[in-house]
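Could you walk me through this structure, step by step and in plain words? I'm new to it and would like to know where to look.

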Amino acid sequence: MDKMWAGRFSKALDKQADDFNSSIHFDSRMYKQDIAGSIAHCAMLGETGIITKEESSAIIDSLSEILEDIESGKLEIDMQAEDIHMFVEAELTKRIGDTGKKLHTARSRNDQVALDIRLYLRDEITQIKELIKKLIGSIVLQAEKNKSVIMPGYTHLQRAQPITFGHHLLAYAFMLCRDLDRLSDAAARMNYSPLGSCALAGTTYPTNRAMTAEKLGFDGVCENSIDGVSDRDFCIEIMSALSVTMMHLSRFSEEIILWSSWEFKFIELDDAYTTGSSIMPQKKNPDMAELVRGKTGRVYGDLFTLLTVLKGIPLAYNKDMQEDKEAIFDAVDTVKHCLEVFAPMIETMKAIPENMYKAAGKGFINATDLADYLVGKGLPFRSAYKIVGSIVARCIKDDAVLDELPLEVYKEYDSRFESDLYDSIKLEACVNRRISEGGTGLESVEKQIAIVKEKIK
């Protein structure tokens, strides 16, 4: 296939250099967006009189046929082409002759590829947001089932205070809601058309950039033509948002891995989302969660790849920028695959409430409530804190727990202790008294569930 840029060169490109230069093997996935952009561009060329309306119609009809043939399998994308833009244009010219060569009037591959990647990412963000919403829905389902199931809450991976499993799960729902916001914000900033920027300086033709922007669903046009072709901020911003999403999935995965271990045994994952061992018949491994945790580093790497590529590039377009696509495509694919398996893994997960409650009964996680009891009797919190700390130290020494310590022992530390302290430090009471907004009390958890449901409507 002749190169579209032939004419200046007297010698063919070296075969290895040609393969090295080619991007068709990864940018071919943008064929829909490339053809959609070309149809909008061609419609504008016809409306403005840059080409005739008859020529415009012929080109648009042929582009539509090419799209239909690719999707039906009638037309295979030629992997010997330099890129998807050249393949479509060559196929167009093959079908309708010299009229097809007029498509590229008032356009460069620089603004064409900048357009395609924006259109592609806009579609992908929509899909990713739906997958995140599905995962949030699975979390809410589990939170509703377990809104009264008591478990130990942790800080420093040490048992800290009693909470409910539903409350804990909802923390991830709110993280993912912020991920939705980040992706929406990034998509809004990206939604400006670079088409018409041409190579970097614009064009001498009387184009109508607003028309093509409107046809393609953009909110406006990139207002500087150099920035239009050289900007990849939107890729970085989306990859950054995806990296945060993966960080959240990785943290969740880590807890799932811990919870499903025999040391915790707070949950059991469905067989469909675990694997066994080739040598140890008793094993049930949380491989899906482990893979998500591992793939997080891959998405981080994609982000740093593009940051590194762009950090030293002078304006405007440089071939280095071809490296944006493999990185962003990989990040998008990885996040989608992780989300696709994560939602059903959470939805089918089974809590083991008795194990959670048993764990919550150890580790003195009701100590803060005991201090609050003394505060209610008029003691300053810091004084109450010190007294309870001393009582805990004694319990550790005597292998006792706060719930079972005799009242006379409590009175050795402070005369304000009465028999009602035992009701105050029951796990159920510790949880239900957490009435502050966002806390672990039942009413608060139910309110959080309602908030999340509203966010993902």
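What follows is a tour from the overall outline down to single residues.

Before we start, keep in mind that this is a predicted model. The chain has 19 helices and 4 strands. Taken along the principal axes, its C-alpha atoms fill a box of roughly 100 × 55 × 40 Å. A compact globule of 457 residues would have a radius of gyration near 23 Å, whereas this chain comes out at 31 Å. Buried residues account for 50% of the chain. If you take the contacts between residues at least 6 apart in sequence, 75% of them join residues at least 24 apart.

Now for the inside. The largest nonpolar core has 72 residues, and Leu-121 and Ile-136 have the most contacts inside it. Several helices give two or more residues to this core, among them α6 (109-145), α7 (165-190), α12 and α19. There is also a second, separate core of 23 residues, which includes Ile-24, Leu-45, Leu-63 and Leu-92.

Let's pick out two buried polar residues. Gln-448 sits in helix α19, which covers residues 442-455. With a relative accessibility of 8%, Gln-448 falls under the 20% limit and so counts as buried. A polar atom of its side chain lies 3.0 Å from the backbone oxygen of Gly-439.

Not counting residues up to four places away in sequence, Thr-334 touches Lys-295, Arg-298 and Val-299. From Thr-334 to Leu-242 is a step of 92 residues in sequence, but their C-alpha atoms are 9.6 Å apart in space.

Next, have a look at helix α14, residues 367-376. Its buried residues are Ala-367, Asp-369, Leu-370, Ala-371, Tyr-373 and Leu-374. They pack against α15 (381-398), α16 (407-413), α17 (421-424) and α18 (427-432). After α14 comes Gly-378, with a positive phi near 105 degrees. Tyr-373 turns up again in an aromatic cluster that it forms with Tyr-410, Phe-417 and Tyr-422.

That brings us to the aromatic rings, which make 10 pairs in total. How are the rings of Tyr-154 and Phe-264 placed? Their centres are 6.1 Å apart and their planes meet at 50 degrees, so this pair is tilted. Tyr-154 belongs to strand β1 (residues 150-155) and Phe-264 to the loop between α10 and β3 (267-268), so the pair ties together parts that are 110 residues apart in sequence. Tyr-154 itself is partly exposed, at 23% relative accessibility.

Some rings have a charged residue over the face. Arg-122 lies over Phe-218, at 4.9 Å from the ring centre. Likewise, Lys-265 lies over the face of Trp-262, at 4.4 Å from the ring centre.

Lys-265 leads us to the backbone. Most residues other than glycine have a negative phi, and most peptide bonds are trans. Lys-265 is not a glycine, yet its phi is positive, at about 50 degrees. You'll find Lys-265 in the loop between α10 and β3, and it is buried, with a relative accessible area of 17%. Leu-157 also has a positive phi, near 60 degrees. This residue is in the loop between β1 and β2 (158-164). Is Leu-157 buried or exposed? It is exposed, with a relative accessible area of 54%.

One last stop: the peptide bond from Leu-315 to Ala-316 is cis, with omega near 5 degrees. Ala-316 is in the loop between α11 and α12.

Conventions. Residues numbered from 1 in each chain as written. Predicted model: local features only at pLDDT ≥ 70, side-chain atom pairs only at ≥ 80, totals over all residues. Heavy atoms only, no water. Contact = heavy atoms within 4.5 Å. Buried < 20%, exposed > 50% of the residue type's maximum accessible area, 1.4 Å probe, protein only. Polar contact = N/O pair within 3.5 Å; in protein donor to acceptor, adjacent residues only side chain to side chain. Core = buried A, V, L, I, M, F, W, Y, C linked by side-chain atoms within 4.5 Å. Phe/Tyr/Trp six-rings, centres within 6.5 Å; stacked < 30°, edge-to-face > 60°. Lys NZ or Arg CZ within 6 Å of the ring centre and 35° of its normal. Rg over C-alpha atoms; globule rule 2.2 N^0.38 Å.
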